[in-house]
Amino acid sequence: SNRSIPTDIYYPATSSGTNAPIANGSFPVLVLGHGFVMDVSSYRCFADSLVPHGYILLLPRTEGGIPPNHQQFGLDLRFLNEQMKVEGQTPTSFFYQRVAPASAIMGHSMGGGASFLAAASYTGVTTVVNFAAAETNPSAIQAAKQVTVPLLMFIGENDGVTPPARHQLPMFDSCASPCKLRVTIKGGGHCYFADPSTTCSFGEGTTS
């Protein structure tokens, strides 16, 4: 419906800087959803660590306000995954012949829950990966029942913002994929899956 999805895109390039020429090769796409009221700049660590290994990383800026629309955010993640495949096949696109078939829908906190909304009854993505995923409205726990692609979840053992027993573990148990793995970080919290964020730290500071 002509919805605008402002997105920061990081990609392997021949030089540093904005709008640098893209490197030769074809690269898997990672679409990463941000946490509640968190700016995408907090996820620069993903760009710095993953893009040099040959990935295209998309960070959508939608649903950063209050209240966010979780369903729309999930659809944004799915749309970006689809659109990048179109870009890879479009001769006039900057990304023509640079997009590999494999892709992942990812997310932290709210974005982690939205990754289940994006992947529900959707097989156009290779895998779902999320970090400290938060329950959403509509329910990510319920949506996980319709996720059949491989799943990788990272969980902070001491997460007080989205306690694993009420958020990530029910999502994991509900997920219909025959291939799923969860990694629990001993002593881990909620905000350490991103660069320092005042808003995330405030939320974590109000919990145990």
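Buried means under 20% relative accessible area, exposed over 50%, and partly exposed in between, with a 1.4 Å probe and protein chains only. This is a predicted model: local features need pLDDT of at least 70, side-chain atom pairs count only at pLDDT 80 or more, and totals for chains, interfaces and linings use all residues. Residues are numbered from 1 along each chain as its sequence is written, and side-chain values use heavy atoms, with hydrogens and water left out.

Figure 1. Helices (H or I, at least four residues) and strands (E, at least two) are DSSP runs, numbered from the N terminus. Ser-109 sits in the loop between β4 and α3. Its phi is positive, near 55 degrees, in a residue other than glycine. Ser-109 is buried, with a relative accessible area of 7%. After α3 comes Ser-121, also with a positive phi near 55 degrees.

**Figure 2. The largest nonpolar core.** A nonpolar core is a set of buried Ala, Val, Leu, Ile, Met, Phe, Trp, Tyr and Cys residues joined through side-chain atoms within 4.5 Å. The largest one has 39 residues, and Ile-56 and Phe-116 have the most contacts inside it. Elements giving two or more residues include β2 (27–33), β3 (56–60), α2 (70–89) and β4 (99–108). The most comes from α3, with 6 residues. A second, separate core has 19 residues, among them Leu-32, Val-129, Phe-131 and Cys-191. In soluble globular proteins, nonpolar side chains tend to be buried together.

Figure 3. Contact means heavy atoms within 4.5 Å. Residues up to four places away in sequence are not counted for Ile-56, which touches, among others, Ile-9, Tyr-10, Phe-27, Leu-30, Met-84 and Phe-95. Ser-103 is found in strand β4. Ser-103 is buried, with a relative accessible area of 6%. With residues up to four places away again left out, the partners of Ser-103 include Val-29, Asn-81, Lys-85 and Thr-126.

**Figure 4. Two cis peptide bonds.** The bond from Ile-66 to Pro-67 is cis, with omega near -5 degrees. Pro-67 lies in the loop between β3 and α2. The bond from Asn-137 to Pro-138 is also cis, with omega near 5 degrees. Pro-138 is in the loop between β5 (127–131) and α4. Most residues other than glycine have a negative phi, and most peptide bonds are trans.

Figure 5. Ala-132 is in the loop between β5 and α4. Its phi is positive, about 50 degrees, although it is not a glycine. Ala-132 is buried, with a relative accessible area of 0%. Asn-24 lies in the loop between β1 (7–10) and β2. Asn-24 is exposed, with a relative accessible area of 65%. The C-alpha atoms of Asn-24 and Pro-12, 12 residues apart along the chain, are separated by 8.5 Å.
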